[in-house]
Amino acid sequence: MSRLAAEAPVLTRTDGPVARLTLNRPDKRNALSLELMEQLIARLQRLGADPEVRVIVVDAVGPAFSAGHDLGEMIGRDVPFYQRLFDVCTELMETIHRLPQPVIAKVEGMATAAGCQLVGACDLAVAADGARFATPGVKIGLFCSTPMVPLSRAIGRKRALEMLLTGRPITAETALDWGLVNRVVPAEALEDELGAIVDAIVTSSPLTVGLGKEAFYAQIELDEHRAYDLTKAVMAMNARADDAQEGMCAFLEKRPATWRGR
């Protein structure tokens, strides 16, 4: 890797069906600068359009996953700058949900404020047992209003408000209990745990995974009746797809399915 590439705020590596986006500002605790977020969006969009990529992992260099927004670039700016900053942050989180591939956060160290938001926005998350999560903006006069969006949807109102109003960090085990992360394992087992989840995902049809992820986010905020209206239409369309027909035939014939992605 060239020196210039090593200094990029986001590193990209692809290994077969798995792409890895690595936050690379360890000296700033991987703070989400405007430049970093814009690069992350661009790379997510590029990977999302690649049919060979089946899963995207977001991880980080250094002892922290992400300390949230880069406060150093937020001092003495005008309102248009702040509007742009939070517009880009919102676009980042929404881009994760719009991609057809599952996006998995691999968390070691602290994930605070917008860093915690990033974990909450990812479809899945695995964490080392020493990881910590917090939304401490209230302590510095800047309430974590945008981080509360995925946080409250992941862990519920009372738990989210406790984190938001106190700013106190929670342990990885509490994050697991509350539903912010899917798995907590010792740091040395984190890559193996991540691999097991990835392996389970990539055995399925990429078309089906993409349809299912899109439908999940489309229905999650609807009332029950409208959620059923949406999902029954999705299932009818899905059932007619070549991959669904192949999968059902393969199950009945007791053979492995051959996915075509259509």
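**Salt bridges, domains and pockets in a predicted model**

A search of the whole of this predicted model finds 14 salt bridges.

Q: What makes the pair Asp 59 and Arg 20 a salt bridge?
A: The rule asks for a side-chain nitrogen of Lys or Arg within 4 Å of a carboxyl oxygen of Asp or Glu. For Asp 59 and Arg 20, the closest N and O atoms are 3.1 Å apart, so the pair meets the cut-off of 4 Å.

Q: What parts of the chain does the pair of Asp 59 and Arg 20 link?
A: Asp 59 belongs to strand β3 (residues 55-60) and Arg 20 to strand β2 (residues 18-23). The two residues are 39 residues apart, and the pair is therefore a link between distant parts of the chain.

Q: Why is the pair of Asp 123 and Lys 213 called a salt bridge?
A: The closest N and O atoms of Asp 123 and Lys 213 are 2.7 Å apart. The limit is 4 Å, so the name applies.

Q: Which domains does the assignment give, and how far apart do the C-alpha centres of domain 1 and domain 2 lie?
A: The assignment gives domain 1 (10-202) and domain 2 (204-253). Their C-alpha centres are separated by 27 Å.

Q: How do you know that domain 1 and domain 2 are in contact?
A: Contact requires heavy atoms within 4.5 Å. By this criterion, 14 residues of domain 1 touch eight residues of domain 2. The area buried between the domains is about 750 Å², and carbon and sulfur atoms give 46% of it. Of the area that domain 1 buries against domain 2, Arg 54, His 97 and Pro 100 supply 50%, more than any other three residues. The rule also finds two salt bridges across this interface.

Q: Why is the largest pocket said to lie between domain 1 and domain 2?
A: Both domain 1 (10-202) and domain 2 (204-253) give residues to its lining, so the largest pocket lies between them. Its space amounts to about 850 Å³. The elements that give two or more residues to the lining are α3 (79-98), α4 (114-121), β6 (124-128), α5 (148-155) and α9 (206-219).

Q: What makes up the lining of the largest pocket?
A: There are 32 lining residues, and His 97, Gly 120, Ala 121, Phe 216 and Tyr 217 lie nearest the centre. The lining divides into 17 nonpolar, nine polar and six charged residues. Gly counts as polar and Phe as nonpolar in this division.

Q: What lines the second largest pocket?
A: This pocket, with a volume of about 260 Å³, is lined by 16 residues, of which His 69, Ala 113, Gly 137, Leu 142 and Cys 144 are nearest its centre. Its lining comprises 11 nonpolar, four polar and one charged.

Q: Which residues is Arg 262 in contact with, leaving aside its neighbours within four places in sequence?
A: Arg 262, in the segment after α11 (242-252), is in contact with Leu 207, Ala 241, Asp 242 and Asp 243.

Conventions:
Residues are numbered from 1 along each chain as its sequence is written. This is a predicted model: local features need pLDDT of at least 70, side-chain atom pairs count only at pLDDT 80 or more; totals for chains, interfaces and linings use all residues. Side-chain values use heavy atoms; hydrogens and water are left out. On a 1 Å grid over the protein atoms alone, a cavity is a set of points where a 1.4 Å probe fits but cannot get out, and a pocket is an open set with protein on both sides within 12 Å along at least five of seven lines; lining residues have an atom within 4 Å of a point. Grid points are joined across faces, edges and corners, and a volume is the space filled by probe spheres set on the points. Helices (H or I, at least four residues) and strands (E, at least two) are DSSP runs, numbered from the N terminus. Domain bounds come from an automatic or database domain assignment. Buried area is the accessible area (1.4 Å probe) that two parts lose on being put together, summed over both.
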